[in-house]
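The structure is shown first, and the description follows.

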Amino acid sequence: MFAPVHPGTTRLLYFSRPQEVIRVATVSAMLDEFNRRSAAEAETELLACCAVPGWARAVTAGRPYPDVAAVVAAADAVLRRLDWPEVAGALGAHPRIGERPTGTGRESAWSRREQSGLDGADRDTRAALARVNREYEQRFGHLFLVFADGRTDAELLAAARRRLGNDPGTERAVVRDELRQIALLRLRRLLS
């Protein structure tokens, strides 16, 4: 049985007995479109989620996916296997915390949305973020990356200060996980 949920989405309802819903699966029109795109188009879409070409190729190669959860699981598995050069390369696609991008593309829009917790930050907080960004980059040699979605300016500043105390190996593991969280959030947005 098919029941419209909202434009572009259909909910499949599976019944074992009359009037008893056993399982509900959501089929996204965006997922259908993603499954039908050429490999090059799909990879381009995925690179806005995570700027690691090997990841985008691997996720694309797994198509067609039956549902969004399957895409996310496949993407997550590949993200967990990224080596440090791939992670470091992806950092170039992210703005510094507190320096929101001005671009018009999807990735810039997502970054602005993810950093919206800084919209109300005062001048002192912004200056403190700029200082901690510089300290972090001097200490670790790369951009401070943090999953900012839903976090306040105070939380982001505290996270940056706390992470300055990490050793380089620990911090690389933290950065890898932050990148993974950002990529999966963006992937869900891409397919919803």
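## Helix packing and cavity

Helix 7 and helix 8 cross with left-handed geometry. The model is a predicted one. Helix 7 covers residues 123–140 and helix 8 covers residues 153–163, and the two pack at an angle of about 25° with their axes 10 Å apart. Angles under 35 degrees count as roughly parallel, and helix 7 and helix 8 are therefore roughly parallel to each other. On the side of helix 7, the contact is made by Thr 125, Ala 128, Leu 129, Val 132, Tyr 136 and Phe 140. Helix 8 contributes Asp 153, Leu 156, Leu 157, Ala 160, Arg 161 and Arg 163. By class, the contact of helix 7 with helix 8 has eight nonpolar residues, one polar and three charged.

Helix 9 takes part in two further pairs, with helix 4 and with helix 5.

| Helix pair | Angle | Axis distance |
|---|---|---|
| Helix 7 and helix 8 | about 25° | 10 Å |
| Helix 4 and helix 9 | about 155° | 10 Å |
| Helix 5 and helix 9 | about 60° | 10 Å |

How are helix 4 and helix 9 oriented to each other? Their angle is about 155°, and angles over 145 degrees count as roughly antiparallel; helix 4 and helix 9 are therefore roughly antiparallel to each other. The crossing of this pair is right-handed. Helix 4, residues 68–79, makes the contact through Val 71, Val 72, Ala 75, Asp 76 and Leu 79. The partners in helix 9 are Arg 180, Ala 183, Leu 184, Leu 187 and Arg 188. The contact of helix 4 with helix 9 holds seven nonpolar and three charged residues, with no polar ones.

Helix 5, residues 84–91, packs on helix 9 at about 60°, and the two are therefore oblique to each other. Helix 5 passes helix 9 in a left-handed crossing. Trp 84, Val 87, Ala 90 and Leu 91 of helix 5 meet Arg 172, Val 175, Arg 176 and Leu 179 of helix 9. In the contact of helix 5 with helix 9, six residues are nonpolar, none is polar and two are charged.

The structure holds one cavity of 30 Å³ or more, and the largest cavity contains about 110 Å³ of space. Its lining consists of 15 residues, and those nearest the centre are His 94, Glu 114, Gln 115, Val 146 and Ile 182. Which helices each supply at least two residues of the lining? They are helix 6 (106–114) and helix 9 (168–190). The largest share, three residues, comes from helix 9. The lining divides by class into nine nonpolar, three polar and three charged residues.

One peptide bond remains to be described. Most peptide bonds are trans. The bond from Arg 63 to Pro 64 is cis, with omega near 0°. Pro 64 lies in the loop between helix 3 (53–61) and helix 4.

Methods:
Residues numbered from 1 in each chain as written. Predicted model: local features only at pLDDT ≥ 70, side-chain atom pairs only at ≥ 80, totals over all residues. Heavy atoms only, no water. 1 Å grid on protein atoms, 1.4 Å probe; cavity = no way out; pocket = protein on both sides within 12 Å on 5 of 7 lines; lining within 4 Å. Points joined across faces, edges and corners; volume = space filled by probe spheres on them. Helix = DSSP H or I, 4+ residues; strand = E, 2+ residues; numbered from the N terminus. Nonpolar A, V, L, I, M, F, W, Y, C, P; charged D, E, K, R; others polar. Axes fitted to C-alpha atoms, helices over the stretch in contact; angles between N-to-C directions. Parallel < 35°, antiparallel > 145°, perpendicular 65-115°, else oblique. Left-handed = near helix turned anticlockwise from the far one by under 90°. Contact = heavy atoms within 4.5 Å.
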